[in-house]
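Open the model in your viewer and keep the sequence at hand. The tour goes from one selection to the next.

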Amino acid sequence: MIPQQTHRPDLDEWARELLRSTDDWIVDSGVERLLAHEFATTDPRKWHWVDVYPRWPKEPDSAPTRMLDDWRSQEWRRIEFLYLHLPYCAQRCHFCYYFISTDTSRSGDYLTALRKEVRTFLSRLPADATAGDLFFGGGTPSMMAVDDLRTLYDEVYEHIAQDRIGMVTLELHPRTMRKDIHRLAESGHIRRVSAGVQSFSRPVLEANGRIYVEPDRIRKVCARFIEAGVEHIGLDFMVGLHTQTADDVLTDVRHIHALAQEGLIDSVSVYPRSFTEIWGPFSGEVVDERVLAEKFRCHLLYRHFFAELGWREGPMYLFTAPTFNAAVPSALVAATATAQSLAFGNSARSSFGDTQYLNRRDPDDYVRGIEEHGGATWADVPFTRAVRNRRHLHFGVKRGHFDEADLPAEPTAAERAQLDEVTEDLTRRELVVRNGTRVELTQLGMLLVELVHQEYDRTFPEPDSVDRR
Ligand code: SF4
């Protein structure tokens, strides 16, 4: 049972006050000025006040069995995040850039390939291996037949005992809920649920081609899972949806507050929709400065809401109730034998050792790849540690470098002084936090950097080819 949250009788007035204080914060912090002026400039000298460096490579290396070879070159005893991707959905939301399919006719082949990949990697683990979170994501995993889900769970449990896995999470669309999934939860297979809501506004979801589910139905779905013994329930939301405004988000926070107050949810993710080249606006959608600023305002509103509620702001746009503790850390294994994440399926991002791997293929290509390469993913795209640490902030004009060998030298003393000054300013604006010697972006900072990149790409269509040191 999730503990109840504080009750607020004056919810409407409180929500309006939240929006007022959010808008005040935007003005007081000077972020509005940055959004309105500095990000709209075409002068490259103004682009370097903050950046995430190095940027994602446009054409990373690719080698079919690289990830498996790397995995086999070391002994692993723990996987923090173990992810299985199930790529099927009832319909494709307009904004979705995932490798999903609405055609389930070959899902049997996909599941066979997925199990093979799981076996290929996990069969090397020792008997005392542990995992932090076993996460079935998608796509819409809750669309799958329960017997298929059970088979996948059993495949994993053959290699990592069920009682050595800290958390087991199933991602779902509330519309796909069925009694047999609740029964799966009752049998102890699901301990955390992550439900995609994105918005409680019917017009917003309709404008984005997403299936709408009434708040009351979502409430019932959560309540049934609690009855079934699920320990944690999280909801996913988005900002930057087509036509979405801060007023829509006010409606969302009212519903979220009610659900939290009833003890039905204890975490919420608020994903900012991305408008980059690959994940860009959908046909007929216009994204201009006003849209970007409203997205920023919506996210800020969520942030203030959760701060008011006393929830923590975590990485990757996650907000959690004070009582939330998803993964049970294991004291049994050495950190050196821990893989950060291992992900299987046609859209999967893994990270272990020094490297990050990204697999993105259509389901059928994935199935072919698994068959051709003996259980390894079709193509692995390695990112080395330098690229994985792209959330490091760099100051100074250092754009245009994607090659690790081409990394610039350490900053000079003058650059360091400038960095300290800018860091202090950005910390005051809540855009960065110091973490030891590192300076890291807050959620808000990530949104701003994203705006910088979009504007930069618009201004300089081929920034990769330009050396701006
Ligand atoms: S339900 Fe999720 S994965 Fe499926 S199309 Fe919509 S956003 Fe994409």
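The stops below cover a group of aromatic rings, the surroundings of the ligand and one serine. Keep in mind that this is a predicted model.

**Stop 1: the aromatic rings**

Across the whole structure, a search finds 21 aromatic pairs. Begin with phenylalanine 237 and tyrosine 302, whose rings form a tilted pair, 6.1 Å centre to centre with 45° between the planes. Phenylalanine 237 is in strand E6 (residues 232-239) and tyrosine 302 is in helix H10 (residues 289-309), so this pair ties together parts that are 65 residues apart in sequence.

Tyrosine 302 and phenylalanine 306 are 4 residues apart in helix H10, so about one helical turn separates them. Phenylalanine 306 has a relative accessible area of 0%, and because buried means under 20%, this residue counts as buried.

Now widen the selection to Phe200, Phe237, Tyr302, Phe305, Phe306, Trp311 and Phe319, which ring pairs link into a cluster.

**Stop 2: around the ligand**

Select the ligand next. Which residues are around the ligand? They are Cys89, Gln91, Arg92, Cys93, Phe95, Cys96, Ile100, Gly139, Thr140 and Arg210. Colour this shell by class, and it shows 5 nonpolar, 3 polar and 2 charged residues.

**Stop 3: serine 142**

Move to serine 142, in the loop between strand E3 (130-138) and helix H5 (146-157). Serine 142 is buried, with a relative accessible area of 0%.

Show its surroundings. Leaving aside residues up to four places away in sequence, serine 142 touches Glu171, Leu172, His173, Thr176, Arg178 and Ile181. For one of these, glutamate 171, the C-alpha atom is 6.9 Å from that of serine 142, although the two residues are 29 residues apart along the chain.

Finally, display the side chain of serine 142. What does this side chain reach at 3.3 Å? It is the backbone nitrogen of histidine 173. The side chain of serine 142 also makes a polar contact with the side chain of threonine 176, at 2.5 Å.

Technical notes: Residues numbered from 1 in each chain as written. Predicted model: local features only at pLDDT ≥ 70, side-chain atom pairs only at ≥ 80, totals over all residues. Heavy atoms only, no water. Phe/Tyr/Trp six-rings, centres within 6.5 Å; stacked < 30°, edge-to-face > 60°. Helix = DSSP H or I, 4+ residues; strand = E, 2+ residues; numbered from the N terminus. Buried < 20%, exposed > 50% of the residue type's maximum accessible area, 1.4 Å probe, protein only. Near = heavy atom within 4 Å. Nonpolar A, V, L, I, M, F, W, Y, C, P; charged D, E, K, R; others polar. Contact = heavy atoms within 4.5 Å. Polar contact = N/O pair within 3.5 Å; in protein donor to acceptor, adjacent residues only side chain to side chain.
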